[in-house]
Amino acid sequence: MTKNHRLVYDIVREQGHGTHLSMGDIHGLAAERRPGIGFTTIYRAIARLRDAGLVAEILLPGADAAVYEPAGPTHAHFRCTACGRVDDVAYAMPRAIADDLAARHALQVDTVAVSLHGRCAACRT
């Protein structure tokens, strides 16, 4: 792993599970430690870390861009449609449900990503 990839990985890992960083967030934190680091360097590092299974890329409908977190246990995400906040939800779709859907629709399911959308507690009040 190059020093820049290590830096990006350390930044994502240090933020921990439940923290969802945008590419801009990661770049800002990296630039604090290594002034002058380019956005393209961050983008390439994230792509390699994602492909290596070290960083999870979260794509949520309605969000402006992907967010990133350390790879870890399977869970769902909740995105507030009012404020845009993304939170982890302790849920994983049972494999039997995915297998049943795949069989009924002649699909091959490789991954399952569950996302919930609505208003968070703060935005509901």
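**Strands, histidines and cysteines**

Biologist: In β4, Asp 87 is the bridge partner of Phe 78. In which sense do β3 and β4 pair?

Modeller: First, a caveat: this is a predicted model, where local features need pLDDT of at least 70, side-chain atom pairs count only at pLDDT 80 or more, and totals for chains, interfaces and linings use all residues. Residues are numbered from 1 along each chain as its sequence is written, and side-chain values use heavy atoms, with hydrogens and water left out. Strands are DSSP runs of E, at least two residues long, and helices are runs of H or I, at least four, both numbered from the N terminus; two strands pair if DSSP finds at least two bridges between them. β3 (residues 76-80) and β4 share four bridges, and their sense is antiparallel.

Biologist: Which residue of β4 stands opposite His 77?

Modeller: β3 and β4 make a hairpin with five residues between them, and Gly 84 in that turn has a positive phi of about 85°. On the β4 side, opposite His 77, stands Asp 88.

Biologist: Is His 20 buried or exposed?

Modeller: His 20 lies in the loop between α1 (3-15) and α2 (23-33). Its contacts (heavy atoms within 4.5 Å), leaving out residues up to four places away in sequence, include Ile 58, Val 67 and Tyr 68. Its relative accessible area is 14%, so His 20 counts as buried.

Biologist: At what distance does the side chain of His 20 meet that of Asp 88?

Modeller: I'm counting polar contacts: N or O pairs within 3.5 Å where, within protein, one atom must be able to donate a hydrogen and the other to accept it, and residues adjacent in sequence count only if both atoms are side-chain atoms. His 20 has one with the side chain of Glu 69 at 3.1 Å. With Asp 88, the distance is 2.7 Å.

Biologist: Which side chain makes a 3.2 Å polar contact with that of His 75?

Modeller: His 75 sits in the loop between β2 and β3. Its side chain reaches the backbone oxygen of Pro 73 at 2.8 Å. The 3.2 Å contact goes to the side chain of Asp 88.

Biologist: How many disulfides does the structure hold?

Modeller: A disulfide here is two cysteine sulfur atoms within 2.5 Å. Cys 123 has its closest cysteine sulfur, in Cys 120, at 3.7 Å, which is too far for a bond. The number of disulfides is zero.

Biologist: Which cysteine sulfur is nearest to that of Cys 80?

Modeller: Cys 80 counts as buried because its relative accessibility is 0%. Cys 80 is in no disulfide, and the nearest cysteine sulfur, 3.7 Å away, belongs to Cys 83.

Notes. Buried < 20%, exposed > 50% of the residue type's maximum accessible area, 1.4 Å probe, protein only.
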